[in-house]
Amino acid sequence: MAKNWYPVIDYLACTECGTCVDFCSHSVYNKAKAPSPVVMQPGNCIDRCHGCGNKCPAGAISYVGDDTGWTPPNGECSAKKSVDCCRGGTCEEDSSKAVLVEYLYLDLNTCDRCIGADAVLEEVLGSIAPALEAAGYTMRLQKVQIATKELAEHYRFLASPTIRVNGQDICGPVAENTCGCCGEISGTDVTCRTFAYKGQAYEVPPKAMLAEGILRAVLGMVQPVCDCGEYSLPENLKNFFEGKAVKTGCCPEGTCG
């Protein structure tokens, strides 16, 4: 069963030195992506371990579920700006100018649309973050692989990939089509997200769409939508996690998620 304790990376602060990946001996990080720190097995993280965060020279690591009062020894205090704290834009450090961008995805090794959306998001943030920071905003980018159904439920995940700004999905209503890549991963029929922009549907969101969505959310041009209602894991995602578990031999019955 997945735990609600694992590292999250602020990719705008991260220098991609690879220290955290090298330090962790529990295969939490995907070594194939080094030096970029990609959390691959969040369930392997040791409860209340701050090892990689203590080593990070940029103070770019915080932990989901951290209530220990720990603060990173380097860089700015990101512990106070954990995912839970900042969802909804109510982080105490912040204020109205703290911006948390969350990229939630199923896979960055095989899935073309997760990989493509990740690249577009980084390019867009590379363009607009300097201007927003010059205007006094504090930008953070966290990428979270939704590796289990427990994580999906924790994040109230509806479709892959999802991009949120201060807890708000910026890509509009969920629409999906068949994803051969995630079907290959799970051995099941899987649908993943498509993105509607100016009358067309895309499997990878256009740069202009993401730039507009981020700026509109940051500048308060959209009415926040409360997502605190009842959540149930979409059947499509349930099939994906069960199929992946069976295919990887994690659980022949597909019940370990």
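Leu104 stands opposite Thr162 in β5. This pair belongs to the contact between β3 and β5 (residues 162-165), which run antiparallel and share 4 bridges. The coordinates come from a predicted model.

**The β4-β3-β5-β6 sheet**

Four strands make up an open sheet, arranged in the order β4-β3-β5-β6, and the pairing within the sheet is mixed. Its edges are β4 and β6 (168-169), each of which pairs on one side only. In general, the strands of a sheet pair through backbone hydrogen bonds, in either a parallel or an antiparallel arrangement.

On one flank of β3 lies β4 (residues 138-145), a parallel neighbour joined to β3 by 8 bridges. Tyr105 of this pairing has Gln145 in β4 opposite it. Between β3 and β4 the chain passes through helix α4 (residues 112-134), giving a β-α-β crossover that is right-handed. Further along the sheet, β5 and β6 are antiparallel and connected by 2 bridges. Val165 stands opposite Gln168 in β6.

How many residues of strand β3 are buried? The count is 8 of the 8 residues in the span 98-105, so β3 is largely enclosed by the rest of the structure. Burial applies to both faces of the strand: Ala98, Leu100, Glu102 and Leu104 point one way, Val99, Val101, Tyr103 and Tyr105 point the other way, and all are buried.

**Strands β7, β8 and β9**

β8 (191-197) is mostly covered, with 5 of its 7 residues buried. β7 (residues 175-178) pairs with β8 in the antiparallel sense over 4 bridges, and Asn177 has Cys192 in β8 as its bridge partner. β8 also pairs with β9 (200-202), again in the antiparallel sense, over 3 bridges. Here Tyr197 stands opposite Gln200 in β9. β8 and β9 form a hairpin with 2 residues between them, and the turn includes Lys198.

| Strand pair | Sense | Bridges |
|---|---|---|
| β3 and β4 | parallel | 8 bridges |
| β3 and β5 | antiparallel | 4 bridges |
| β5 and β6 | antiparallel | 2 bridges |
| β7 and β8 | antiparallel | 4 bridges |
| β8 and β9 | antiparallel | 3 bridges |

**Backbone geometry in the loops**

Lys198 has a positive phi of about 50° although it is not a glycine. The residue is located in the loop between β8 and β9. Is Lys198 buried or exposed? Its relative accessibility is 66%, so Lys198 counts as exposed.

Arg48 is another residue other than glycine with a positive phi, near 65°. Arg48 is found in the loop between α1 and α2. With a relative accessible area of 46%, Arg48 is partly exposed, because that class lies between the 20% limit for buried and the 50% limit for exposed.

The loop between α1 (19-23) and α2 (51-55) also holds Pro35, which is joined to Ala34 by a cis peptide bond with omega about 5°. A cis peptide bond also joins Ser160 and Pro161, where omega is about -5°. Pro161 lies in the loop between α5 (149-154) and β5.

Ile185 is part of helix α6 (residues 180-186). At 16% relative accessibility, Ile185 counts as buried, because the cut-off for that class is under 20%. Leaving aside residues up to four places away in sequence, Ile185 touches Asp107, Thr110, Phe240, Lys244 and Lys247. One of these, Thr110, is 75 residues from Ile185 along the chain, yet their C-alpha atoms are separated by 7.6 Å.

**Surface and whole chain**

Which residues form a nonpolar patch on the surface? They are Leu215, Leu219, Met221 and Val222, which together have about 330 Å² of accessible area. Met221 sits in the loop between α7 (207-218) and α8 (235-247).

The protein chain contains 8 helices and 9 strands. Of its 257 residues, 50% count as buried. The accessible surface of the chain comes to about 11,600 Å², and carbon and sulfur atoms contribute 51% of it. Among contacts between residues at least 6 apart in sequence, 61% join residues at least 24 apart.

Methods. Residues are numbered from 1 along each chain as its sequence is written. This is a predicted model: local features need pLDDT of at least 70, side-chain atom pairs count only at pLDDT 80 or more; totals for chains, interfaces and linings use all residues. Side-chain values use heavy atoms; hydrogens and water are left out. Patches are made of residues with over 30% relative accessible area and no salt bridge: like charges are joined within 9 Å, nonpolar side chains (Val, Leu, Ile, Met, Phe, Trp, Tyr) within 5 Å. Accessible areas come from the Shrake-Rupley method with a 1.4 Å probe; for residues, only the protein chains shown count as cover. A salt bridge is a side-chain nitrogen of Lys or Arg within 4 Å of a carboxyl oxygen of Asp or Glu. Buried means under 20% relative accessible area, exposed over 50%, partly exposed in between (1.4 Å probe, protein chains only). Two strands pair if DSSP finds at least two bridges between them. A crossover is right-handed if, with the strands pointing away from the viewer, the path from the first strand over the helix to the second runs clockwise. Contact means heavy atoms within 4.5 Å.
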